[in-house]
Amino acid sequence: MAANRRNGMHPSEPGLVGVVSAAMALPRMSLPTVATVVAAVAALYFGREVFLPIAIALLLTFALAPLVSALKRVGIPRLPAVIASVLGAFTVLALFSFIVATQVSELAQNIPLYQSNILTKVRSLKETGVGGGVIARLSEAIERVGQELDRQETSPPAADQPRREPVPVEIIARERPLQVLQNLIGPLISPLASAGLIVVVVIFMLLEREDLRDRFIRLVGYGDLHRTTEALQDAGKRVGRYLLMQLVVNIVYAIPVTAGLWILGIPNALLWGLLALALRFVPYIGPIIGALLPLFLALAVAPGWSLVLWTAGLFVVMEMITGNVVEPWLYGSRTGLSPLAIIVAAIFWTWLWGPLGLVLSTPLTVCLVVLGRHVPQFEFLDVLFGNEPVLEPHARLYQRLLAGDPEEATDHAEEMLEEKYLFEFYDKVAIAALLLGEQDRVRGVMGDEQRRRVAASAQMLVANLDDSAREEAEEDDDPATAEPAPADKDKQAQAEGEDDTELPDGTEMSVLCAGGRGELDDAAAAMLAQVLEVQGATVSKASFADMDPTGIRRLELDAVDTVVVGFLNRDSVKHARFLVRRLKRARSALRVGIVFWSKDGDDKKTEVEWTNDINADFVAFGMVEAVLGALSSDPPVALKVAAKRRMRRRPRPARKAPLAAAK
């Protein structure tokens, strides 16, 4: 059974109070002022002519840095390696732009040839009455709006003024050759200048990468070199890997799309493949835009509808293969952004820097998330945009219990049970969540209604996990699945400070689990009872109300071997001692154990001293120790008889004789 493969926590480890206290003692996140955020956004918006080329150069530096490092490892000096990498990258970009421009020019010349097919399809839609005349009404509305916009409102001439006839004017353009050349080259100067500036900045960033890193560390993180270095390495690795893997994925996507469009007979298939490659850098909407343009052309090329359907099927199949096979296979590490953060970042950077901001939105947001992950002042960025849980598992479970939502709590528990055993989940997550509730009760911030709701939700969670407990027990009974843990897992468990104590078999043993002083204690007792059932024991449960003197007399203890009473409140020693005495008086051959679900780290008492103090058969401070004590075959400890206190009378003081009698 479970005895051959389960490991528990070391008995000398601090209890869950240490975990909960550490979570409660975390410093609050410091948010920047609104003025700081507004000033930063304004600087990025009004200074986009400066910041946009620098941002592009920075991302290209992240992308080309691994290539430069690879060339240096081969033996090429730094300067030739940098120049070769930059020239190669920008040559590919220039060739890409030239091919796209050539294909667009060819497409523009052929557009009039496709006009007849488009008109034929529109007429067919009108004849079939698709949309109930919606197309006709839309066209009429658009035409009416155009007429209103073109109408020029002129004031009527005065009655006493004669109407003048318009004088025809002829404009003759006489442009010199230099003006024509200026009109052609002028629009190209700004993009070429920006591209040249980016090339120069990338070269210098790659040449002075170590020096720039040292200056950045000295500027923002000289007092914490470890954290700053880790942030820089994390940012470079995440952004560089994202850009490289995204490029590989887009190429793998674009090649079959280009070949498929060429086979289907779509004109300019190379253009649509290159656009699909580039637009996939735009999150979510990029692939849609890349598919709409070929679909529109398929609509215009062929008179029927079959080509449109084949083209749509090609893009749907490629998206499914890329999203479900290629991306999970190539992405060894993800960007670290949540899906909602990607959408919000795309909207924000598009508003800030236009279409280029949309393309750069994901890598720029990755840099911000890395900054928030390693710099405490910007932790809110990681909380807002990161994809990792911001709450610890026990805090997340407690929040669901507070909200009275055991269904979602069960979903999270079942996800964790795919990697953990039931007793591990209860010990490290569920009991820790109940400890948070007990702390809130002690502090007075939890009312009676909230306490009952949390306890009822926890009890429902235990009931929902009955199927998982039954499956785990069946796996334990199957000798084929009950294999001993490998040696590497044992070494890892020892390295993590875990004990290799095996949970015993509870067959033919009867245990009663009870709560100590409240509904939350009852929920913890139900969790312990379910773990004992997995171990094969016969388990019954009792509430804290059954532990009063009258209730103990009504308990059927004849067939019970061990009674385990649990307390979430650490200051219940006197009450525990009272319950042990009452239970042993009810049945002297009964083993009674006390479980304090938390243990202070500075407590110097040993388990033997605790046992002698409370007069219990065992005292446990966690799930593993509770199971070991409940399923132990040790004989019960005899109840100690308290020594009677004798009232000592003080001797009466001697009476003094009256002065008159003495005389």
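Let me begin with a term: a residue is called buried when its relative accessible area is under 20%, exposed when it is over 50%, and partly exposed in between, using a 1.4 Å probe and counting protein chains only. By that rule M547, at 2% relative accessibility, counts as buried.

Before going further, please keep in mind that this is a predicted model, in which local features need pLDDT of at least 70 and side-chain atom pairs count only at pLDDT 80 or more, while totals for chains, interfaces and linings use all residues. Residues are numbered from 1 along each chain as its sequence is written, and side-chain values use heavy atoms, with hydrogens and water left out.

Staying with M547, you will find this residue in the loop between β4 (538-542) and α23 (549-554), where helices (H or I, at least four residues) and strands (E, at least two) are DSSP runs numbered from the N terminus. Although M547 and A514 are 33 residues apart in sequence, their C-alpha atoms are 7.8 Å apart in space.

N268, in the loop between α9 (225-264) and α10 (269-279), has a phi near 55 degrees, which is positive in a residue other than glycine, and N268 is buried, with a relative accessible area of 9%. E508, which is not a glycine either, has a positive phi of about 65 degrees; this residue sits in the loop between β2 (498-499) and β3 (510-515) and, at 78% relative accessibility, counts as exposed.

Helix α11 (residues 285-301), with 17 residues, reaches 25 Å from its first C-alpha to its last, close to the 24 Å expected, and among its buried residues are G286, P287, G290 and P294.

Finally, the surface: R553, R581, R582 and R585 form a positive patch. Patch residues have over 30% relative accessible area and no salt bridge, with like charges joined within 9 Å, a salt bridge being a side-chain nitrogen of Lys or Arg within 4 Å of a carboxyl oxygen of Asp or Glu. Helix α24 (residues 573-586) gives the most to this patch, with three residues. R582 is found in α24 and, at 31% relative accessibility, counts as partly exposed.

Notes. Patches are made of residues with over 30% relative accessible area and no salt bridge: like charges are joined within 9 Å, nonpolar side chains (Val, Leu, Ile, Met, Phe, Trp, Tyr) within 5 Å. Accessible areas come from the Shrake-Rupley method with a 1.4 Å probe; for residues, only the protein chains shown count as cover. Lys and Arg count as positive and Asp and Glu as negative; His and the chain ends are not counted. The place of a charge is taken as NZ of Lys, CZ of Arg, CG of Asp or CD of Glu. The expected span of a helix is 1.5 Å times one less than its number of residues.
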